[in-house]
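Let's take a friendly walk through this model, starting with contacts between charged side chains and ending with a sheet. Keep the viewer open as you read.

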Amino acid sequence: MMKRIFFSLFVFFMSTALWSQNVLTVCYATSDDGFLNVRALPSSKGMVLTTLPLAFHGLGRGILLEYGKQWSKVRVENTVGWVYTKYMGTQNWYSQNGQPKLVAKKEITSLYTDNYSDEGPKYVPYGFVEKGTIIADEYELLQDGYYVLKTGHDYIFINHDDVDVIP
């Protein structure tokens with residue numbers, strides 16, 4: 001009987017640990033006015049640090065750090081703060097369909113998006129994730145050494161050397 005209880009607890013804690021793994025999730029405003037305030041505290045009284053805009057061409061402009069029932073922690077560019085979850089939409093590229101997954105292997109793994117100008121580099125910084133973050137299991141390897149996560153019109157790119165591919 002005790003073995004069964006310990007085994008059940010072990011399975012519960014292991015499934016919780018796997019479920020709570022950090023997965024790249026982009027976020028965006030879904031409010032009628034086109035933006036969502038990013039606040040210093042998880043409260044409507046918290047100082048507004050910046051705003052999270054609507055999805056642009058199908059791609060959010062923030063990275064979800066912590067999902068909460070009422071308030072969620074996000075990073076918009078280099079600003080970290082809290083948004084009211086009710087007015088936030090999310091997207092990720094991790095379907096858990098058994099495909100090999102991309103996992104960030106650098107302490108700070110940079111993400112990029114298209115540079116639509118005719119000048120400068122092909123890709124421009126989008127944001128970053130920390131080591132161990134599951135980036136995707138829905139992706140494509142490009143000939144230029146980058147993986148691409150596709151959505152609508154805009155894409156996110158990750159340098160091939162910055163991730164591990166894990167079965």
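In this predicted model, K150 and E140 bring their side chains together in a salt bridge, with N and O 2.9 Å apart. Because K150 belongs to strand β13 and E140 to strand β12, the pair ties together parts that are 10 residues apart in sequence. K150 is partly exposed at a relative accessible area of 44%, and E140 is partly exposed too, at 37%.

This is one of five salt bridges in the structure. Another joins D154 to R61, whose closest N and O atoms are 3.2 Å apart. Here distant parts of the chain are linked: D154 sits in the loop between β13 and β14, R61 in the loop between β3 and β4, and 93 residues separate them. Are the two partners buried or exposed? D154 counts as buried because its relative accessibility is 1%, under the 20% cut-off, whereas R61 is partly exposed at 25%.

K122 and D144 also form a salt bridge, at 3.4 Å from N to O. K122 comes from the loop between β9 and β10 and D144 from the loop between β12 and β13, 22 residues apart. K122 counts as exposed at 55% relative accessibility, while D144 is partly exposed at 34%.

Now turn to a sheet. Three strands form an open sheet in the order β11-β8-β15, with antiparallel pairing. Its edge strands, β11 (134-136) and β15 (163-166), each pair on one side only. Neighbouring strands of this sheet are turned by 40° against each other on average, direction ignored. Between β8 (residues 101-104) and β15 there are four bridges, and L102 stands opposite V165 in β15.

Notes: Residues numbered from 1 in each chain as written. Predicted model: local features only at pLDDT ≥ 70, side-chain atom pairs only at ≥ 80, totals over all residues. Heavy atoms only, no water. Pairing = 2+ DSSP bridges. Helix = DSSP H or I, 4+ residues; strand = E, 2+ residues; numbered from the N terminus. Axes fitted to C-alpha atoms, helices over the stretch in contact; angles between N-to-C directions. Salt bridge = Lys/Arg side-chain N within 4 Å of Asp/Glu carboxyl O. Buried < 20%, exposed > 50% of the residue type's maximum accessible area, 1.4 Å probe, protein only.
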